[in-house]
Amino acid sequence: MPSQVTIPLSPHFTNLRGQGDRISSAAVAEKLVVADGEGYFVDDLGGHSWSFVPAPGAAVYGLTSRFKPSPIDHMANGVFLRVPFRRVPVLEAHSLEGLLAFASLIHSKDDSLKLMWRGQTREYLLTRPEEDSMRLYGEPQVSEPSLPSSGARLKVEFTTVFEQWSAILDTYIAEQILKKSLAGTRQRQDIVQGSQQFHSSYMYRLWAFATAQHYGLPSVGLDVTSDILVALLFALHRFSVDKATGTTTIARLDKDAEPVLYAMSAFENDLFDDSQLAPPWLLCERPKAQNAFFLATGWGQAPNRAAERIFVAIRLRNHTQWKLPSPVESLFPRRNKDSFLDFLLRSRVAYPSIASAAMLDRVYYRA
């Protein structure tokens, strides 16, 4: 970035990508010869920056029509979503069997990339000023998926609630240790020592982020799953949360809904498996039921970074006729089967001021 840019006191709140001036090989070279005035340009949704202002039509992210076709682009019939430096083919699935057959063919040639799924009841798209879209994509409007974290959507920096959230977690850990002591667990001292080591490690913070996300609190990541059927259940059901209590009702989508599945390629360092974040006795039931992973995503001036991990979008057609192999209720163990959920709900009453500061009112659950 140019020298005249002022570095903020908290740079991680307004972060950009570490590498600037990236230009797609599918950009419009003749439009890049001359910058559009002086200064610099920032995509404050993707976090990419340039030390010049691209001219309208330059398409620094690449012109959709200029990309080399992928092995499945022909299946999209010319329909693509756009993310920085790539186009994403949009396919249609008309049956559960066809969807699963297609998914079974996906494999990664790079072991550092993991296949993850995200299901949504509808597509959400970004809205950009036409001039910005012309600079970035070379078109006045493109279909660009919107995947910000809950913290970014709510404009809540997780650090502002982490102290209170950590106090809730510490109390839960202490309660679990006490329960094991009362049950006569012989390894109690090992558990106490292990919990102390865990609390002082970076894994504790990751577990705190992930657990917040899984139970509905604002975080800096997204829920994704390794199980396409779990993603499908989320895509085909509407969740209505009572804001006063957090109780949630679940209903199958009607025929007019347009749900979508995103196949995402996530880097190992951005993806956190709940089963590997904490000691076994601290693992929560909801992420187990959902085969859930925490996908660390963007914040500050890169809130939509996760969208760049989408490589296929699948729109679900005729979905009301699909017979699902498991009930959606299985994704949300009830309070009497989920000790952590039970603790969060009890904490609302036991520690009202801390619970309010930690935003426990956002915890949602199946009654």
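## What counts as a pocket

A pocket here is an open set of grid points with protein on both sides within 12 Å along at least five of seven lines. With that in hand, let's look around this structure, which is a predicted model.

## The largest pocket

The largest pocket has a volume of about 1200 Å³. Its lining is made up of 38 residues, and those that lie nearest its centre are Arg118, Arg153, Gln213, Phe239 and Tyr364. Two or more lining residues come from each of these elements: strands E5 (113-120), E6 (221-225) and E7 (237-241), plus helices H4 (150-154), H7 (202-214) and H8 (228-235). E6 provides the largest share, five residues.

What kinds of residues make up this lining? They split into 17 nonpolar, 13 polar and eight charged.

## The second largest pocket

Next up is the second largest pocket, which holds about 830 Å³ of space. Here 27 residues form the lining, with Ser70, Pro71, Ile72, Phe311 and Val312 nearest the centre.

Sorted by type, the lining of the second largest pocket has 15 nonpolar, four polar and eight charged residues.

In soluble globular proteins, nonpolar side chains tend to be buried together. In this model, the largest nonpolar core has 42 residues, and the ones with the most contacts inside it are Phe158, Trp165, Trp207, Leu282, Phe340, Leu344 and Leu360. Helices H5 (159-182), H6 (188-199) and H10 (339-350), along with H7, each give two or more residues to this core. The largest share, eight residues, comes from H5.

Take Leu344 as an example: beyond its neighbours within four places in sequence, Leu344 is in contact with Trp165, Ile168, Tyr215, Leu360 and Val363. There is also a second, separate core of 20 residues, with Phe80, Leu96, Ala235 and Ile314 among them.

## A closer look at Asn291

Asn291 sits in the loop between helix H9 (285-290) and strand E11 (292-296). Is Asn291 buried, partly exposed or exposed? The relative accessible area of Asn291 is 32%, so this residue counts as partly exposed.

Which residues does Asn291 touch? Not counting residues up to four places away in sequence, Asn291 touches Val224, Thr225, Ser226, Asp227 and Val230. As for Arg122, Asn291 is 169 residues from it in sequence and 22 Å from it in space, going C-alpha to C-alpha.

Conventions:
Residues numbered from 1 in each chain as written. Predicted model: local features only at pLDDT ≥ 70, side-chain atom pairs only at ≥ 80, totals over all residues. Heavy atoms only, no water. Helix = DSSP H or I, 4+ residues; strand = E, 2+ residues; numbered from the N terminus. Buried < 20%, exposed > 50% of the residue type's maximum accessible area, 1.4 Å probe, protein only. Contact = heavy atoms within 4.5 Å. 1 Å grid on protein atoms, 1.4 Å probe; cavity = no way out; pocket = protein on both sides within 12 Å on 5 of 7 lines; lining within 4 Å. Points joined across faces, edges and corners; volume = space filled by probe spheres on them. Nonpolar A, V, L, I, M, F, W, Y, C, P; charged D, E, K, R; others polar. Core = buried A, V, L, I, M, F, W, Y, C linked by side-chain atoms within 4.5 Å.
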